[in-house]
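Me: I would like to learn how to read a model of this kind, feature by feature. Please take the general idea, then the case at hand.

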Amino acid sequence: MQQLIIDLDHTLLDTTAFKLDLAKSLGLTSNEWADSYNRYVQDNNVFDARDFLQGVDTSDQKKFYQVISQISKYLYPDSTQFLKQTLKDGWEVLILTFGSESWQEMKIDNMNFPNGVKTLAVSKEKISVVKNYVKEQTVFIDDRSIEIDAVKKSFPEIKAYWMRRENGKYRDIQPTLHDKIISNLNIEL
Ligand SMILES: [Mg+2]
């Protein structure tokens, strides 16, 4: 069996553009959004959009949720085709995303992924669940070096591709154990 484990943020999803539009919907700059998001997570451990938006104008809330409902348009142009082709080639596909579970699930619930794709949101390191999905042939694609190195350390047999999207947040923090560097999903596994 063949298993693809692929990341969402900055890998399949143009999270930079998505966050910019989320920020705009609340009249914030991208940095202001990041600051208030981080402060909220620090105080509450997890991000809960409904709670976060308490006290925000109803019209702004509406705009915020509208951006989320259109999250699929922030997928990189090569993402859907890649997922479809990989499924067609007989691979199991798991989109594994890290972050506050309720927030990640809200994003996933609003996304149109091809049928057959599985999704999982975790609020701890990905390595804690990767072991449940390792098959004879496994490819792991992620933009974060910390995840790549953790996976390769525990499972050297997994092929790990480091994703460096042109506007990716972590594109300059290089892993040490990756097998390959890619900058888009115009690839064949
Ligand atoms: Mg990512």
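Reply: Start at the end of a helix: α5 is followed by G90, whose phi is positive, near 95°. Helices (H or I, at least four residues) and strands (E, at least two) are DSSP runs, numbered from the N terminus. This is a predicted model, where local features need pLDDT of at least 70 and side-chain atom pairs count only at pLDDT 80 or more, while totals for chains, interfaces and linings use all residues. Residues are numbered from 1 along each chain as its sequence is written.

Me: Which residues of helix α5 are buried?

Reply: A residue is buried if 20 or more other C-beta atoms lie within 10 Å of its own, exposed if 12 or fewer, and partly exposed in between, with C-beta atoms placed from the backbone. In α5 (residues 79-88) the buried ones are S79, F82, L83 and T86. They fall within an arc of 100° seen down the helix axis, so they line one face of α5; the arc is that of the directions from the helix axis to the C-beta atoms.

Me: What do the buried residues of α5 pack against?

Reply: Their partners are β1 (2-6) and β2, where contact means that C-beta atoms, placed from the backbone, lie within 7 Å.

Me: How is strand β2 joined to strand β3?

Reply: Two strands pair if DSSP finds at least two bridges between them. Here 5 bridges join β2 (residues 92-98) to β3 (residues 118-122), and the two run parallel. I95 stands opposite T119 in β3. With helix α6 (residues 101-109), β2 and β3 make a right-handed β-α-β unit: with the strands pointing away from the viewer, the path from the first strand over the helix to the second runs clockwise.

Me: Which residues have the most contacts inside the largest nonpolar core?

Reply: In soluble globular proteins, nonpolar side chains tend to be buried together. A nonpolar core is a set of buried Ala, Val, Leu, Ile, Met, Phe, Trp, Tyr and Cys residues joined through C-beta atoms within 7 Å. The largest one has 33 residues, and I6, F140, V151 and A160 have the most contacts inside it. Elements that each supply at least two residues of this core include β1, α5, β2 and β5 (159-163). The largest share, 4 residues, comes from β5.

Technical notes:
Two residues are in contact if their C-beta atoms, placed from the backbone, lie within 7 Å.
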